[in-house]
Amino acid sequence: MQYDVIVIGSGPGGYVAAIRCAQLGLKTAVIEKYSTFGGTCLNVGCIPSKALLDSSEHYHNAAHNFEQHGISLSNLKLDIKKMIDRKNDVIAQNTAGITYLFKKNKIDSFQGVGSFVDKNTIKITKEDGSTEEIKGKNIIIATGSKPTALPFLPVDKKRIITSTEALNLTEVPKNLIVIGGGVIGLELGSVYARLGSKVTVVEYAKSIIATMDAGLGKELQRVLKKNLGMEFLLGHKVSGASVKGKKVTVTAEDAKGQNVVIEGDYCIVAVGRTAYTAGLGLENIGITPEERGNKIPVNEHLETSVEGVYAIGDVVKGAMLAHKAEDEGIYVAERIVGQKPHIDYNLIPGVVYTWPEVASVGKTEEQLKEEGKKYKAGSFSFKASGRAKASGDTDGFIKVLADADTDEVLGVHMIGPRAADMIAEAVVAMEYRASAEDIGRICHAHPTFTEALKEAALAATSNRAIHA
């Protein structure tokens with residue numbers, strides 16, 4: 001065998017798996033079909049969207065919030081091209097960082113589409129059509145996902161677009177339609193709403209971010225409407241879309257079965273993502289992806305039905321999150337060398353990078369009720385936070401759910417300033433089986449946003465929040 005491990009795909013799961021394999025002394029190769037490393041996350045997902053979210057937030061604050069801080073501006077202008085150029089530079093810095101890490105860890109990289117000849121032989125088909133084969137004892141499939149397509153909603157990549165094209169618009173739409181009230185749709189919708197677009201979100205479910213705690217979606221909807229003027233058509237089933245010139249017309253049915261017509265300059269289709277397995281040649285080794293979602297079946301150790309062939313990240317069951325893929329990549333690398341790592345999937349946080357940010361870990365109230373679990377709930381509003389008042393970020397709250405008998409923390413759900421960073425404290429606490437009182441008795445610096453977590457924990461313990 002030429003390699004101990006061959007990784008197909010260089011997104012967060014793939015490149016992290018490769019680096020950990022190399023750290024453990026395994027001779028490692030990575031196959032990537034695109035010209036840059038990093039997969040969806042670094043090139044057309046997590047990183048570029050956060051770059052635009054930050055840029056648009058600066059613009060929105062300058063246009064709407066600086067005045068109250070005593071900062072007056074005149075002739076404020078938006079240069080969308082420069083904003084996109086900055087986003088592209090952020091991407092370049094990150095992808096170059098992976099190239100450096102591969103060299104540092106002596107990982108061989110190949111550009112092309114990797115496909116199975118047999119369970120140990122991978123054919124690499126390059127852009128010019130030429131091929132070569134490499135062999136490995138272990139193979140890790142980390143090919144990620146792509147935007148889900150709807151058969152009745154053809155994406156032309158010009159006016160009806162996916163998240164990929166939405167990251168490269170050269171103009172700010174006057175009217176933007178977003179189909180899908182999940183993480184991707186809300187993040188991109190908020191980018192353009194901050195820049196001046198009238199954004200309408202069409203969602204089939206009766207709430208946005210429907211998989212998270214219900215209170216979070218309700219509060220986020222309220223704030224996005226109040227602060228950005230975003231409109232929400234919930235419980236609406238999209239039936240089609242058409243383009244005429246520079247106008248997109250979307251048709252849908254509301255909850256009562258009445259036809260609804262929405263018009264805009266662009267329409268972003270953000271109804272989820274589907275595992276990407278095209279061209280892998282899985283049939284050559286006897287692997288059949290699941291019919292729903294196209295995911296590759298794996299056991300509890302992320303090994304497929306073929307010994308020595310593993311799959312991680314978006315291409316397998318579970319949440320499609322970059323940090324979940326990273327943890328799975330490390331898990332598989334350590335399993336290969338005989339270690340006994342673990343992943344607690346209940347403790348993988350979910351984040352929505354709107355403003356306010358939304359973050360969640362553990363069980364929701366809805367899940368606990370469904371399980372018949374007795375629990376206590378404590379909440380604390382950022383309206384009562386000194387730090388939030390100082391920065392003008394008083395929207396949102398933190399909710400702590402704890403076992404009614406043992407006080408062990410079962411879930412933490414927050415919407416507010418820097419929730420994406422604050423959720424880590426909750427993850428650490430839950431990893432160590434902390435009680436709500438444990439969090440309440442930890443000394444938190446004042447004034448900080450994290451004091452709201454302490455207060456929510458005190459509220460859950462015995463309704464004794466100090467500042468509520």
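A salt bridge, for this talk, is a side-chain nitrogen of Lys or Arg within 4 Å of a carboxyl oxygen of Asp or Glu. Hi everyone, and thanks for coming. By that criterion, the structure holds 23 salt bridges. Please keep in mind that this is a predicted model.

Let me take a few of those bridges with you. The side chains of Arg-222 and Asp-395 meet at 3.3 Å, N to O. Why is this pair worth a look along the chain? Arg-222 sits in helix 7, while Asp-395 belongs to the loop between helix 10 (386-391) and strand 21 (397-403), so the bridge ties together parts that are 173 residues apart in sequence.

Next, Glu-231 and Lys-225, whose side chains form a salt bridge at 3.9 Å, N to O. Glu-231 is partly exposed, with a relative accessible area of 30%, and Lys-225 is partly exposed too, at 47%.

Then we have Glu-408 and Arg-433, bridged at 2.5 Å, N to O. This pair links distant parts of the chain, 25 residues apart: Glu-408 is in the loop between strand 21 and strand 22 (409-416), and Arg-433 is in the loop between helix 11 (419-431) and helix 12 (436-441). Arg-433 is exposed, with 59% relative accessible area. Returning to Arg-222 and Asp-395, shared partners join them with Glu-219 and Lys-226 into one salt-bridge network.

While Arg-433 is on the screen, let's turn to backbone geometry. Arg-433 has a positive phi, near 55°, though it is a residue other than glycine. Lys-106 is another non-glycine residue with a positive phi, about 55°. You will find Lys-106 in the loop between helix 4 and strand 3 (108-111), where Lys-106 is exposed, at 72% relative accessible area.

And which peptide bonds are cis? One of them runs from Trp-355 to Pro-356, with omega near 0°. Pro-356 is in the loop between strand 18 (350-352) and strand 19 (357-362). Another cis bond runs from His-446 to Pro-447, with omega near -5°, and Pro-447 lies in the loop between helix 12 and helix 13 (451-462).

Now, the inside of the protein. How many residues does the largest nonpolar core have? The count is 50, and the residues with the most contacts inside that core are Phe-102, Phe-116, Ile-134, Ile-140 and Ile-141. Helix 1 (residues 12-23) supplies the largest share of this core, seven residues. There is also a second, separate core of 36 residues, which includes Leu-169, Val-199, Leu-224 and Ala-270.

Ile-140 is in strand 6 (residues 131-141) and is buried, at 0% relative accessible area. Beyond residues up to four places away in sequence, Ile-140 touches Val-5, Ile-6, Val-7, Ile-8, Ala-17, Cys-21, Tyr-310, Ile-312, Val-332 and Ile-336. For a sense of how the chain comes back, Ile-140 and Ala-333 are 193 residues apart in sequence but 9.0 Å apart in space, C-alpha to C-alpha. As for Ile-141, leaving aside neighbours within four places in sequence, its contacts include Ile-8, Phe-116, Leu-280, Ile-296 and Val-315.

In general, an α-helix has 3.6 residues a turn, so residues three or four places apart point the same way.

What about disulfides? A search of the whole structure finds zero. Among the cysteines, Cys-41 is buried, at 10% relative accessibility, while Cys-443 is exposed, at 73%.

Finally, a word on annotation. An unreviewed UniProt entry annotates residues 3-329 as "domain: FAD/NAD(P)-binding". Over that stretch, the chain is 31% helix and 27% strand, and the end C-alpha atoms are 17 Å apart.

Terms used
Residues are numbered from 1 along each chain as its sequence is written. This is a predicted model: local features need pLDDT of at least 70, side-chain atom pairs count only at pLDDT 80 or more; totals for chains, interfaces and linings use all residues. Side-chain values use heavy atoms; hydrogens and water are left out. UniProt positions are given in the numbering used here, feature names are shortened, and annotations may be inferred rather than shown by experiment. Helices (H or I, at least four residues) and strands (E, at least two) are DSSP runs, numbered from the N terminus. A nonpolar core is a set of buried Ala, Val, Leu, Ile, Met, Phe, Trp, Tyr and Cys residues joined through side-chain atoms within 4.5 Å. Buried means under 20% relative accessible area, exposed over 50%, partly exposed in between (1.4 Å probe, protein chains only). Contact means heavy atoms within 4.5 Å. A disulfide is a pair of cysteine sulfur atoms within 2.5 Å.
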